[in-house]
Amino acid sequence: MNVLRNYPLTIVCVLTVWYLSLFKPPSVSLLDGVDGVDKVVHTLMYAGLCSLLWLEWFRRNHRRGAWRRLVAFAVGAPILMSGLLELLQEYCTSARSGEWADLLANSLGTLLAAVGAWVYEHVRLR
């Protein structure tokens with residue numbers, strides 16, 4: 001129950017990512033001619049999700065270096081979730097397809113958030 005109390009916005013964001021990853025997306029003709037926009041969206045979606053996770057964690061943990069305990073979870077779990085979602089898209093939906101490039105874009109967003117958290121931790125404590 002501590003997870004629900006400590007990370008409510010992150011949980012809502014995770015559920016939103018699951019929904020957005022598995023529902024049939026609408027056609028957006030405005031963006032059809034823009035190459036790579038899908039990968040930018042994936043990167044931003046995971047950067048936002050993981051940044052929110054880090055912010056909620058920093059809000060409750062104020063000890064120097066304590067963030068290191070969260071690194072494996074805050075980086076590993078979103079990447080594993082992303083891989084699972086790509087597999088589900090490929091094998092369990094007819095309207096979506098799993099792509100390695102999406103997994104890489106999601107991982108990039110996760111890593112960008114981790115770098116941002118590291119910078120925040122070191123700037124905050126100076």
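Me: Helices (H or I, at least four residues) and strands (E, at least two) are DSSP runs, numbered from the N terminus. With that settled, how do the elements of the chain run from the N terminus on?

Reply: They run α-α-α-α-α, and the chain has 5 helices and 0 strands. This is a predicted model, in which local features need pLDDT of at least 70 and side-chain atom pairs count only at pLDDT 80 or more, while totals for chains, interfaces and linings use all residues. Residues are numbered from 1 along each chain as its sequence is written, and side-chain values use heavy atoms, with hydrogens and water left out.

Me: Why are H2 and H3 called roughly antiparallel?

Reply: Let's take the angle. The axes of H2 (residues 8-22) and H3 cross at roughly 165 degrees and come within 8 Å. Axes are lines fitted to C-alpha atoms, for helices over the stretch in contact, with angles from 0 to 180 degrees between N-to-C directions. Under 35 degrees counts as roughly parallel, over 145 as roughly antiparallel, 65 to 115 as roughly perpendicular, and the rest as oblique. H2 and H3 are therefore roughly antiparallel.

Me: Which residues make that contact of H2 and H3?

Reply: Contact means heavy atoms within 4.5 Å. H2 brings Pro8, Leu9, Thr10, Cys13, Val14, Val17 and Leu20, and H3 brings Met45, Tyr46, Leu49, Leu52, Leu53 and Glu56. By class there are 11 nonpolar, 1 polar and 1 charged residues; Ala, Val, Leu, Ile, Met, Phe, Trp, Tyr, Cys and Pro count as nonpolar, Asp, Glu, Lys and Arg as charged, and the others, Gly among them, as polar.

Me: What makes Glu56 a buried residue?

Reply: Its relative accessibility is 2%, to be set against the scale: buried is under 20% relative accessible area, exposed over 50%, partly exposed in between (1.4 Å probe, protein chains only). Glu56 therefore counts as buried. Glu56 lies in H3 and touches Asn6, Tyr7, Pro8, Leu9 and Thr10, not counting residues up to four places away in sequence. Asn6 is 50 residues from Glu56 along the chain, yet their C-alpha atoms are separated by 7.1 Å.

Me: How do you know that Tyr46 and Ser82 are buried?

Reply: On that scale, Tyr46 of H3 counts as buried at 1%, and Ser82 of H4 counts as buried at 0%. Tyr46 touches Ser82, with Val17, Pro78, Met81, Leu85, Asn106, Gly109 and Thr110 also among its contacts beyond four places in sequence. Leaving aside such neighbours, Ser82 is in contact with Tyr46, Leu103 and Asn106.

Me: What makes up the largest nonpolar core?

Reply: A nonpolar core is a set of buried Ala, Val, Leu, Ile, Met, Phe, Trp, Tyr and Cys residues joined through side-chain atoms within 4.5 Å. The largest has 12 residues, including Tyr7, Trp54, Leu70 and Ala113. H3, H4 (68-92) and H5 each supply at least two of its residues, and the largest share, 5 residues, comes from H3. A second, separate core of 6 residues includes Met45, Tyr46, Leu49 and Leu85.

Me: Where do the axes of H3 and H5 come, and at what angle do they cross?

Reply: The axes of H3 (residues 37-60) and H5 (residues 100-124) come within 7 Å and cross at roughly 35 degrees. By class, their contact has 13 nonpolar, 6 polar and 5 charged residues.
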